[in-house]
Every structure is written in C-alpha cells, then in structure tokens.
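Keep the coordinates open as you read.

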Amino acid sequence: MAAILVIEDDDATAAAIMAELDRHGHDASRAADGDSGLDLATREAFDAITLDRMLPGLDGLTLVARLRERHVTIPVLMLSALSDVDERIAGLRAGGDDYLTKPFDFAEMAMRVEVLLRRREQAEAVVLRGGGIECDLVRRTVKVDGEPVRLLHMEFRLLEFLMRNRGEVMTRRIIFERVWGYYFDPGANLISVHIARLRKKIDRPGRPSPILTVKGEGYLFEG
Amino acid sequence: MLGAVFVIGLIAMLGVVYAATARDLTARSDRILHAAAQRLLQVPADQLPDRIRYELRRDRAGFNYLSLIAADGTPVVGNIRLLRPLPPGLPVDVEGGSRGPLRLVALHTREGETLLVGRDISLLRDLRRTILETLIVSGLLTLLCVTTAAIWFSRAPLRRVRALQRASREIAAGDFSVRMPIAGRHDELDQFATTVNATVEEVGRVVAQVKGATDAIAHDLRTPLTRVRATLNALHHRPHDAVEVTAGIRQATADLDLVLERFAALLRISELEAGRRRAGFRTIDLGILVAQVAELYEPLAEDRGITLSVATRPWAVDGDDKLLFEALSNLLDNGIKFGRPGGRVAIALVEDAQGRAIEVRDDGPGIATGERDAVLRRFHRGQDMQDIPGSGLGLSLVVAILHLHGFRLSLSDAAPGLCVRISLPPASA
C-alpha cells in the first residue's frame, strides 16, 4: 500500500481518482487547491502525487517546480485538460514525472501511478528476475532458464519495462510512450506484434508465457 | 495633399517673382530721382530757381516734378507743394490728388532750402500691375495644366486602386476565391496585391478546412453520441436487467471513447495548423528517422506477410523529429494496413527530376483517382475500409504535420497500388 496525495479541485474527479487508487489498495488523501497541496506534500510523507495542472491559487506547474526546489522528489503524475505537446513538455520540464491528458481512463491513471511507484522502488535495481527470466540492466543481457537470449535494443527495453512493472497491466499506449518515447496512438496491432516477437524469443515450450495479454486493456508480466 | 503643396509652392514662387520685379523697378526709379536731384544740387544757389523753371519747361510730357522751398517753408519755385515735411534723402510714394501717384525725394541745399524732386510713377504702377496680372494668369494656367495632367495620369492607378478596393470588399464579405488584380508592372501596388493574395489563399484554405471539419464533426461525432443517447435511454427504461445494463455501459463507454479519440485528434490537428509547434524544430537526419520508423513497423509487416523494404541516405532537414516520426508512422501503417497481404511496401528517400522526396509505396488496391483528394479530408473513410479500425483523421493529421514543415503530400498510382510522395522544398532538402 502506498500513500498518495491527490491534488484536484474538482470534487467529482477527485472522488473518482481516490476510489480508483483505493481499489488498487492505496491510501489516498486529497488537497483541493494548490497552496494546501504544496503544504501537505512538504509536511507529510507521500509515495506519489497526482496533480491537476489547473488549480485555484497555486497552479500545478508552479507547485511541482516549488516541490523540486525544496528537494522533494516524490514522483508526480500531472493531469491536465491541456493536450498540446508543448504543455506536456512544460509539465515534464517543471519536474513532473508523467503527464496524462483529461479526459482519461481511471484505470490507466492508476496504472501510471503504479509505474511511478515501481520506478522509485527499482531505481537501484541491476538485475530484474521473474518467470525464469534474468534481465541484467548493466550488461544489457537476458537469460531464460540460464540460457542467454539475444534481444534487439527495443526488445530489451520492452522486456525491461514489462518486468519493472511486473503484476500490473500496461496499456499499449503507455508501453509505446515509455519504451519508444512517442506520444501518439500507434494503432491496435503494432505493439501486439512487437510483444509477439519478444514472446517468440523468451517463451519456453511447456510453460505459459510470462507476458499475458489482457484483452481490451494491455499486457502484463507475471512471474 | 500633394496638390495643396504644389499650389502653395506655385503661389510662393510667383509671389517671390513679383516682389523681386517690383523692388527692382522701384530701385531703378529711385536711382533716376537721386541722379536728377544730385544734378540740381550742383547748380549754384542763385541759378537754381531758373534752372528748375527751365527743367519744368523742358519736360513737356509732365513726368517730372520739381520744387524749391525756402528754409521758412515758403515755396520759391516749382510745381508741387508739400502738405507735410518729408524725411530728407528717402524717396516716398505720394498719392498726388489730380496729378496721380508720385515718387518724391526731398534734399536740403547748402543754403537750407529744400529741393523736391519727383517722378510720375503711374507707368511704373501700370507695369507692376501688368506683371502681377501676367503672373496670376500664368499661375492659373499652370495650375489648370498640372491638375489636368495629374487627373489624366492618375486615372490608371486610381482604376487599379478601385479594383483592389472592390476585391478587398468581396474578400471581406467572405468570398475567398477572389484575388487582388495584378497589373504585372512589379510596382508597389503589385507587391501589395501579391502579399494580400497569398494571405487570402492561406486564410481561404484554413476557413475551408474549418468548415469541412465542422461539417465532418457534426456528422461523425453525432453518430456515436446518438448511439450513446439511445443506449442510455434503453437502460433507463430497463434498469433491472443486469446483463443488459453491463453491456449497455460497455457500449456507451466504447462510443464515448471513440468521440474522445476523435476530439483528441482534432485538437492535435488544430494545434498543428495554428503553427504553434515550430518550437520543436531542429536539424534532423531524415535517413535515420525513416530507418527508425521502418524498424518499428517491420514486425507488423512481417505479421501480414508483407515485405517491407527501406532505402535511406543521410539527409539533413529542419523539422520536429517526433512529429515527422508520427506522420511517417501513419503512412507506413496505412501502407501495411491497406496493402496486399503477402505483398510489398517500400519506404524510400528519393531524388529525381521533381526534387527530393520521401515515398511510401504499396502494391495494394490503391485509391481511385477521383477519391484521392477526398481521402485527405477529415473523417473520410475509403469505400471498402469501413471495417478497418481508424478515426479517419490519420491523413489529415499527416497533412497538417507536413504543412507545418512546408512539405507537400501527393498521391499517385503505383500501378499497382498507391504511391504517397512527400515532396521536400528545395531550401530544406
């Protein structure tokens, strides 16, 4: 369970975000404006923050910049009705760790929070293990059941991303954003075929694939 | 304004000519008066009255006036009298009653008498009046000629200005097909008209797109929204059927997702068309970009049994790599999606007689000539493509990205299949 601060002025949106985080087993607290949000974030220990870009009083961009000035390194997911790519860049430059445009799918919001939490936990990880796979982040090598497997650069990044977020469903969109670094919808099949290629290299006969397809949602690394 | 300056200048010039001429004539007359007076002052005092009488007798025409007045003011001899004393040595004009105007100078003799020497200046006055009249008449004639010439010569430019005004009124009324007339003289008016025409063309293009988009939005967003409304209405009337409620909510969510997806795409297009994204421009290598896009789509092509071939070379262009990647991804995705299963798709940087370009070719069914323009319009879906997923906004997005870069997209027959060509402007190639 993680402590998450929801800084959101709209009551209905805040309630929906908190309910979704609660469903994922997190403890969510709310601040309804920028000033009280900054106050709470600096006073209490949170594991992650969801931050509305437009807030009464202190706006989201200034708030996250103030947090970083005070060396508060809590991961921040910025939520905004502004979809312009420049706005996304501005949000990330100010110190946000991820940026999601409204209206969003609440499950995807929760998934992005999980990604941020995992990244924090595993920042120091050198080798990721699971499902019989050993992924060495320093040597950039992969072993399946102790046997070395040659992966292409993007295949390695895809596997690393899924393993880092083990147990969480990752949508095609977030996979495309985090692995390839592009912020557009790549279409339904593109990520599927990359996953299929990766599976061909890491799956072993007689054992279910560690990468599961969650129909209509995305992919999940189990193991 | 120019006319007023000309008239003022003309009046000033003629005034100066008149004043200079009048001053010169008066100065000549004064010199004659002084010479005559000096001559008489040389005559011994006792002979002076006789000399004056002699001079007066000799002047049959009666132009000259002479008088000698004693120191006590008594007239000694002469044909003029003074009503008031004159400053000595300074010629003055005297309106001489029946005699007409005089120019008169008074000088003192050594014996204290006053010698008056005068000349009739009627002729001088007549001459000055004649000069003034001549100058006024010639001035008026000049003015008339110049005004006539100005009207004559400005008729053509005025006609052009009126034509420009007419065109601008029609454009302001919303007719963006109208263009400012260009005379082909390469003058300021032509330069102005060319600039305005380019602006009108761009505004017309944007307005047409906005109108097209508005129509398309009204049509295409209405469909899923109507479906959502119908679903909710049905749920409202049958609230106890849990299976139907779940299915209805899922359907409504899917329909709303489609609406949101289309909105998001439309917003991106308008951002791009507003030209605000040039901030991300830098020098990029198109060759590397094309190779990366091909690498991303190669598994998808393989999945459909399509052979994807890539031909790149290092080409530096100014652009936004993320946006160009998105545009090229879209084209390659279309090529693979609409190409022939088991066929070929090629992405290549080409340089030929038409210049440098990026080409994406497939050997699928292609697009009929009549439908090629339509596919670039928003929300357009091809006749046989209704069961293939997509919002119908992909190519509009590609066009918007390419337009931002100054690149041009054209569709042609690859016989068989479709050839999408992105032409690069010579400057950025």
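The model is predicted. Start in chain A with helix α1, residues 11-23. This helix has 13 residues. From first C-alpha to last, α1(A) reaches 18 Å, close to the 18 Å expected at 1.5 Å a residue. Its buried residues are A:Ile17, A:Glu20 and A:Leu21. They cover an arc of only 100° around the axis, which puts them on the same side of α1(A).

Turned away from the buried side of α1(A) are the exposed residues A:Asp11, A:Ala12, A:Ala19 and A:Arg23. After the helix comes A:Gly25, with a positive phi near 85°.

Stay in chain A and look at a loop. A:Arg166 lies between α6 (153-164) and β10 (170-171). Take the second partner. A:Phe221 is 55 residues from A:Arg166 along the chain, yet their C-alpha atoms are separated by 4.9 Å.

Next comes chain B. Its secondary structure consists of nine helices and 12 strands. Of its 429 residues, 24% count as buried. Consider contacts in chain B between residues at least 6 apart in sequence: 61% of them join residues at least 24 apart.

Two helices of chain B make a pair, α1 (residues 2-41) and α3 (residues 122-172). Two packed helices are described by the angle between their axes and the distance between the axes. Here the axes of α1(B) and α3(B) come within 10 Å and cross at roughly 160°. That angle makes α1(B) roughly antiparallel to α3(B). The crossing is right-handed. On the α1(B) side they include B:Phe6, B:Leu10, B:Leu14, B:Val17 and B:Leu25. Among those they meet in α3(B) are B:Leu124, B:Ile131, B:Leu135, B:Leu143 and B:Val146.

Helix α9(B), residues 394-405, is another case. Its 12 residues reach 17 Å from first C-alpha to last, close to the 16 Å expected. How many of the residues of α9(B) are buried? The count is 11 of the 12, so α9(B) is largely enclosed by the rest of the structure. The buried set includes B:Gly394, B:Ser396, B:Val399, B:Ile401 and B:His405. Just after the helix, B:Gly406 takes a positive phi of about 80°.

Finally, look across the two chains. Helix α8 (residues 190-202) of chain A approaches helix α6 (residues 286-303) of chain B, their axes coming within 8 Å. The axes cross at roughly 85°. α8(A) and α6(B) are therefore roughly perpendicular to each other. From α8(A), A:Leu190, A:Val193, A:His194 and A:Arg197 take part. They meet B:Pro299, B:Leu300 and B:Asp303 in α6(B).

Note on methods: Residues numbered from 1 in each chain as written. Chains lettered and ligands numbered in written order. Predicted model: local features only at pLDDT ≥ 70, side-chain atom pairs only at ≥ 80, totals over all residues. Helix = DSSP H or I, 4+ residues; strand = E, 2+ residues; numbered from the N terminus. Expected span 1.5 Å × (residues − 1). Buried ≥ 20, exposed ≤ 12 C-beta atoms within 10 Å, placed from the backbone. Arc of directions from axis to C-beta. Axes fitted to C-alpha atoms, helices over the stretch in contact; angles between N-to-C directions. Parallel < 35°, antiparallel > 145°, perpendicular 65-115°, else oblique. Left-handed = near helix turned anticlockwise from the far one by under 90°. Contact = placed C-beta atoms within 7 Å.
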